[in-house]
Amino acid sequence: MTPKEFFIYVDAFNKRKEEKQKESLTLAYYNAMWTVQWLGKKSQQPKPLKKILDSIFKEKKPMTDEEMLKQAKVLNKMFGGKETNK
């Protein structure tokens, strides 16, 4: 398997995993709504499902060069590296 084929499989796996998570969250959301309708009060309605899913599965934006440098410095410090300015 070439690296390109491997990354195609990895991307497909990640997409399936994300869809499964969304499906599980949707099921839990509707179970909560039905429980509130039968046992709770109208004022206890959960947030809209789209808002919940959007907050969890945000679109990932590319990092800027400055953000990458900052993240590299944080990781370097976490793992006990020394800062050099060469």
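Is Glu 18 buried, exposed or partly exposed? Glu 18 is partly exposed, with a relative accessible area of 32%, where buried means under 20% relative accessible area, exposed over 50%, and partly exposed in between (1.4 Å probe, protein chains only). The structure is a predicted model, in which local features need pLDDT of at least 70 and side-chain atom pairs count only at pLDDT 80 or more, while totals for chains, interfaces and linings use all residues. Residues are numbered from 1 along each chain as its sequence is written, and side-chain values use heavy atoms, with hydrogens and water left out.

Helices are described from the N terminus, as DSSP runs (H or I, at least four residues; strands are E, at least two). Helix α1 covers residues 3–39 and has 37 residues. From its first C-alpha to its last, α1 reaches 53 Å, close to the 54 Å expected at 1.5 Å a residue; the expected span is 1.5 Å times one less than the number of residues. Helix α3 (residues 65–78) has 14 residues, which should span 20 Å at 1.5 Å a residue, and this agrees with its end C-alpha atoms, which are 20 Å apart. Gly 80 follows α3 and has a positive phi, near 80°.

A search of the whole structure finds two salt bridges, a salt bridge being a side-chain nitrogen of Lys or Arg within 4 Å of a carboxyl oxygen of Asp or Glu. In one of them, the side chains of Glu 18 and Lys 22 meet at 3.6 Å, N to O. Both residues lie in helix α1, four residues apart, about one turn of the helix. Lys 22 counts as partly exposed, at 25% relative accessibility. A salt bridge also joins the side chains of Asp 54 and Lys 50, at 3.3 Å, N to O. Asp 54 and Lys 50 both lie in helix α2, again four residues apart and about one turn of the helix. Asp 54 is partly exposed, with a relative accessible area of 41%, whereas Lys 50 is exposed at 59%. An α-helix has 3.6 residues a turn, so residues three or four places apart point the same way.

The largest nonpolar core has five residues, namely Tyr 29, Met 33, Leu 49, Leu 53 and Phe 57. Such a core is a set of buried Ala, Val, Leu, Ile, Met, Phe, Trp, Tyr and Cys residues joined through side-chain atoms within 4.5 Å. The elements that give two or more residues to this core are α1 and α2. In α1, Tyr 29, Met 33 and Val 36 are buried, and what covers the buried residues of α1 includes α2 (49–56). With neighbours within four places in sequence left aside, Phe 57 is in contact (heavy atoms within 4.5 Å) with Glu 18, Gln 21, Lys 22 and Leu 25.

On the surface, Met 1, Phe 6, Phe 7 and Tyr 9 form a nonpolar patch with about 520 Å² of accessible area together. Patches are made of residues with over 30% relative accessible area and no salt bridge, with like charges joined within 9 Å and nonpolar side chains (Val, Leu, Ile, Met, Phe, Trp, Tyr) within 5 Å. Accessible areas come from the Shrake-Rupley method with a 1.4 Å probe, and for residues only the protein chains shown count as cover.

Several C-alpha to C-alpha distances relate the helices. Lys 50 and Tyr 30 are 20 residues apart in sequence and 12 Å apart in space. Met 78, in helix α3, counts as exposed at 58% relative accessibility; Met 78 and Lys 50 are 28 residues apart in sequence and 36 Å apart in space. Lys 70, also placed in helix α3, is exposed, with a relative accessible area of 60%. Lys 70 and Arg 16 are 54 residues apart in sequence and 32 Å apart in space.
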